[in-house]
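Here's a friendly walk through one protein model, pocket by pocket and ring by ring. Have a look at it first, then read on.

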Amino acid sequence: MKLDIQIDQWALHEPFVTARETTTHIRTVTAVLIENGQRGRGEALGVDYLGETADSMAAQLESVRAEIERKPPNSPGARQRRSRNEGHNHNLNFHAISEMLPAGGARNALDCALWDLRARQQGRRVWQMLGMEVQPVTTVYTLSMGDGDDMAREALLHAQFPILKLKLGADDTAEKLRAIRDARPDAGLIIDGNGSWSMELLDRMMDVLLECRVSMLEQPLEMGQDEALAGLNYPVTLCADESCQHAGDLPGLAGRYHMVNIKLDKCGGLSEALRMVDWCRQNGLKLMVGNMLGSSLAMAPGFVVAQHCQFTDLDGPLWQRTDRDPPLDIENGVIQPPEAALWG
């Protein structure tokens, strides 16, 4: 087993503006696992608001290179076991990766690279390894934060997308929402507050959300302020994003949120995401899959998670000037299963 670490820079076709920041380009890290001529890849952008960067994730991956590339014992018995196992280095498995690295982008890249590698070694797609059947999914298209006229104009320019995700901060929130709804009376609307709202604004906006037929509100309050939502029975679905990083955060969301946004960069890969899916289904939480931006390679594992979700937010590649080859097939918001040459 060998590890290759790559850093790529991707330019966005326009600034991506949220309540936290404005982004014009991104730098991603790609982990490549190579074993007996087969290669598996996983890409991550990381969790920027927790301080992750491409360089910090590359350093994390470098720190576990020796464990990944460790050779199995060279005894005759070990050689026979390796022969029966087609030469795969089974010292590296999904549990070992979760022990090597904390939740976050580096573990996501490594975990998804191993899924890709094992799928190629077995000659099966990842969803076949999981016993799943997959269908195309419809992604939301995200409207970057701006003034009401600009956001309404963008909503019209992207009329081919049936569901829009609106980045809305605490300023002129109702006016912007109404302008977008007037421009796109046909569209499904969800809102991402990125933790910029107050409880006062949330209470004041609830009637407007109903008036504008908003299907879901994501992370209205700042991470760590979720206790203010306990026991409140809002008629609009509330979704935890920043407040839910990994499976360990899930029990604390009960009675506060109706839905969880699973992002592979946050939780540390497809393996952890699937554990979160199982927990949420057993405990009555609805599901969304999201992204931190990234190329089609970063989105492809999320397509597997999307099979379990009410909302899919995998529009990252649509914001980039260039993409992987082959890219995900996304037309009018509908994502087809990724080609084997891309991932999985």
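Predicted model: local features only at pLDDT ≥ 70, side-chain atom pairs only at ≥ 80, totals over all residues.

Residues are numbered from 1 along each chain as its sequence is written, and side-chain values use heavy atoms, with hydrogens and water left out.

What counts as a cavity here? On a 1 Å grid over the protein atoms alone, it's a set of points where a 1.4 Å probe fits but cannot get out, and lining residues have an atom within 4 Å of a point. Grid points are joined across faces, edges and corners, and a volume is the space filled by probe spheres set on the points.

Lining this second largest cavity are F94, I97, S98, R107, D111, G268, S271, E272 and R275. Helices α4, α5 and α11 each supply at least two residues of that lining (helices are DSSP runs of H or I with at least four residues, strands are E runs of at least two, and both are numbered from the N terminus). By class, the lining splits into 2 nonpolar, 3 polar and 4 charged residues. Here Ala, Val, Leu, Ile, Met, Phe, Trp, Tyr, Cys and Pro count as nonpolar, Asp, Glu, Lys and Arg as charged, and the others, Gly among them, as polar.

## Rings and a helix around it

Now for the aromatics. Rings of Phe, Tyr and Trp (its six-membered ring) pair if their centres lie within 6.5 Å; planes under 30 degrees apart count as stacked, over 60 as edge-to-face and the rest as tilted. By this rule there are 5 aromatic pairs. Take F94 and W115: their ring centres sit 4.4 Å apart with planes at 25°, so they're stacked. F94 belongs to helix α4 (residues 94–100) and W115 to helix α5 (residues 105–122), so the pair ties together parts 21 residues apart in sequence.

Are these two buried or exposed? W115 is buried, at 8% relative accessible area, and F94 is partly exposed, at 23% (buried is under 20%, exposed over 50%, partly exposed in between, with a 1.4 Å probe and protein chains only). Elsewhere, F16, Y141, F161 and W319 form one aromatic cluster.

Helix α11 (residues 270–283) has 14 residues and spans 20 Å from its first C-alpha to its last, close to the 20 Å expected (1.5 Å times one less than its number of residues). Its buried residues include S271 and E272, which also line the second largest cavity. Just after α11, G284 takes a positive phi of about 80°.

## The largest cavity

The structure holds 2 cavities of 30 Å³ or more, and the largest has about 90 Å³ of space. Its lining has 14 residues, with L264, D265, G290, N291 and A298 nearest the centre. Helix α12 gives the most, with 3 residues. By class, it's 7 nonpolar, 4 polar and 3 charged.

Finally, the largest pocket holds about 470 Å³. A pocket is an open set of points with protein on both sides within 12 Å along at least five of seven lines. Of the 29 residues lining the largest pocket, E21, L45, D48, M292 and L293 are closest to its centre. Strand β2 (22–35) gives the most, with 6 residues. By class, the pocket lining has 7 nonpolar, 9 polar and 13 charged residues.
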